[in-house]
Amino acid sequence: MPKNKKTYADDDGRTIVDMNVEGMPWYTPRSKRKVAKEDKPTRRETFAMMRAWFASRLPAILAIVVGVGLAVGLTVCWLNGWFIK
């Protein structure tokens, strides 16, 4: 019994991602593709991306620094006997 091929209303037949990946059986090496100039980010866009990445990671970095500082501080107090009266 032949299988019915699924059809989707939003499928127009275009390929979204190049599936020519190294390691796959159908991989065919090509010459290096050049990136179009309009696809490269400008210096200002690159700086904005780096600043946004840092801003998104800042709370986690601060939490780790505060946690490690608190652990070191409590360890120093405990080893020096400052909590014993």
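How exposed is Y27, by relative accessible area? The views below take this up, beginning with the whole chain.

**View 1. The chain has 1 helix and 0 strands.** This is a predicted model, in which local features need pLDDT of at least 70, side-chain atom pairs count only at pLDDT 80 or more, and totals for chains, interfaces and linings use all residues. Residues are numbered from 1 along each chain as its sequence is written, and side-chain values use heavy atoms, without hydrogens or water. Helices (H or I, at least four residues) and strands (E, at least two) are DSSP runs, numbered from the N terminus. Of the 85 residues, 2% are buried (under 20% relative accessible area; exposed is over 50%, partly exposed in between; 1.4 Å probe, protein chains only).

**View 2. Y27 lies in the segment before α1 (43-80).** Y27 is partly exposed because its relative accessible area is 31%.

**View 3. α1 has a span that agrees with its length.** The expected span is 1.5 Å times one less than the number of residues.

**View 4. α1 bends by about 45° at R57.** The proline P59 follows within four residues. The bend is the angle between axes fitted to the seven residues ending at a residue and the seven starting there.

**View 5. G81 follows α1.** The phi of G81 is positive, near 75°.
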